[in-house]
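This report looks at a ligand site and a sheet in one protein model. The sequence and structure are shown first.

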Amino acid sequence: MAFLSDTLARVKPSPTIAVTNKARELAAAGRDIIGLGAGEPDFDTPQNIKDAAKRAIDAGKTKYTAVDGIPELKAAICAKFLRENGLTYTPAQVTVGTGGKQILYNALMATLNPGDEVIIPAPYWVSYPDMVLLAGGTPVPVVAGIDTQFKLTPAQLEAAITPRTKWFIFNSPSNPTGAGYTRDELKALTDVLMRHPHVWIMSDDMYEHLVFDDFKFCTPAEIEPGLYDRTLTCNGVSKAYAMTGWRIGYAAGPVALIKAMGTIQSQSTSNPSSVAQYAAVEALTGPQDFLAENRTLFQRRRDLVVSMLNKAPGITCPTPEGAFYVYPDISGCIGRATPSGTIITNDEVFAEALLEETGVAVVFGAAFGLSPNFRVSYATSDAVLAEACTRIQKFCAALV
Ligand SMILES: Cc1ncc(COP(=O)(O)O)c(C=O)c1O
């Protein structure tokens with residue numbers, strides 16, 4: 001009898017975490033490493049949020065809570081959805097989990113049966129296909145390439161839907177491309193979904209607050225109220241409030257689905273950390289002005305990285321609408337060789353050689369379902385970004 005499960009054989013460890021670990025190891029061994037792999041803001045959680053957590057500890061809010069979230073947090077989430085997205089939800093329609101990741105996982109575990117298909121626009125966040133596989137479903141990636149600014153077209157969505165489609169996962173702004181759908185672009189997709197009443201929509205709005213220029217964030221249930229009864233609107237405090245380590249994510253949707261997700265959570269992890277939940281109440285109800293400051297900061301970094309990468313021979317880097325990632329195309333580098341003789345046959349080799357020869361750690365595109373590309377997380381200082389991009393420029397210029 002095999003010790004490891006068949007389920008485990010279906011999934012692979014997160015490649016983004018692998019790159020981050022490799023970069024850490026090299027740095028610990030004394031190499032001059034610049035890590036552009038990790039998907040988290042480089043600044044600390046705001047003080048008012050940390051203070052709220054300290055108050056919660058001192059007040060003894062350190063016991064088990066309701067499995068899917070304390071009433072105060074559910075109320076704050078309902079208020080957030082109304083204020084920022086024009087969506088009305090009651091606390092019974094809201095669930096809180098240990099990060100956005102657990103929320104998505106709970107939903108897939110609660111709904112997928114063998115053979116159920118989940119449409120995932122590619123490039124995608126690395127965890128979507130593996131979570132679908134863990135839950136016993138079939139991921140259906142649909143590539144949205146650089147020609148459509150990494151956005152799925154209505155015709156592509158229509159063509160991917162079958163009688164077995166259970167979910168369509170929508171992520172805007174996107175990890176790994178930063179692409180954000182305009183209202184018109186999203187409406188064109190929701191029009192398709194209106195014609196297929198058996199398809200549910202999982203909207204992952206994790207990067208809602210990280211949008212640039214005059215881009216306006218929008219989410220499916222807001223754009224098409226006709227989809228409200230089959231949409232799970234997912235979000236979290238990790239990225240917007242620099243709270244990746246606190247592990248709080250949430251979602252709102254139909255009560256039956258929310259209850260089912262709570263059942264999965266009750267038999268796996270139970271409630272998310274009580275202290276982190278009180279911190280999240282403060283994040284959602286406290287001062288929000290730093291969100292705009294962060295947008296300005298990240299926009300400046302985006303502009304720096306896009307302009308410098310576009311000066312690297314063989315690289316084309318589109319300008320994304322949001323998040324803190326860019327996803328440059330490296331077609332012009334494929335087939336060429338580094339001065340030490342490594343032939344760049346694909347983006348994984350590119351990323352390995354880049355790390356080995358320049359110390360810059362990026363994640364290769366194949367991990368996200370579209371090659372040849374790589375992902376840069378620009379959640380680090382201007383000076384570090386400028387140095388990393390200079391090294392990338394030199395690396396590309398030296399290819400023969
Ligand atoms: C698109 C997307 N969704 C969800 C998550 C998960 O966020 P959390 O850290 O809250 O689990 C991430 C984190 O990288 C992400 O990029």
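## Basis

This is a predicted model, in which local features need pLDDT of at least 70, side-chain atom pairs count only at pLDDT 80 or more, and totals for chains, interfaces and linings use all residues. Residues are numbered from 1 along each chain as its sequence is written, and side-chain values use heavy atoms, with hydrogens and water left out.

## Ligand surroundings

The ligand has 13 residues around it, of which G100, D204, Y207, S238 and K239 come nearest (a residue is near if one of its heavy atoms lies within 4 Å). By class, this shell holds four nonpolar, five polar and four charged residues; Gly counts as polar, Tyr as nonpolar, and Asp, Glu, Lys and Arg as charged. Helix 5, residues 99-111, gives the most to the shell, with three residues (helices are DSSP runs of H or I, at least four residues; strands are runs of E, at least two).

A polar side-chain atom of S238 is 2.6 Å from a ligand oxygen, a polar backbone atom of G100 is at 2.7 Å, and a polar side-chain atom of R247 is at 2.8 Å. The protein covers 92% of the 390 Å² of accessible area that the ligand has on its own (Shrake-Rupley method, 1.4 Å probe).

Three strands form an open sheet in the order 9-12-11, with antiparallel pairing (two strands pair if DSSP finds at least two bridges between them). Strand 9 (325-326) and strand 11 (363-364) are the edge strands, each pairing on one side only. Strand 9 pairs with strand 12 (residues 374-377) over two bridges, and Y325 has S377 in strand 12 as its bridge partner.

Technical notes:
Polar contact = N/O pair within 3.5 Å; in protein donor to acceptor, adjacent residues only side chain to side chain.
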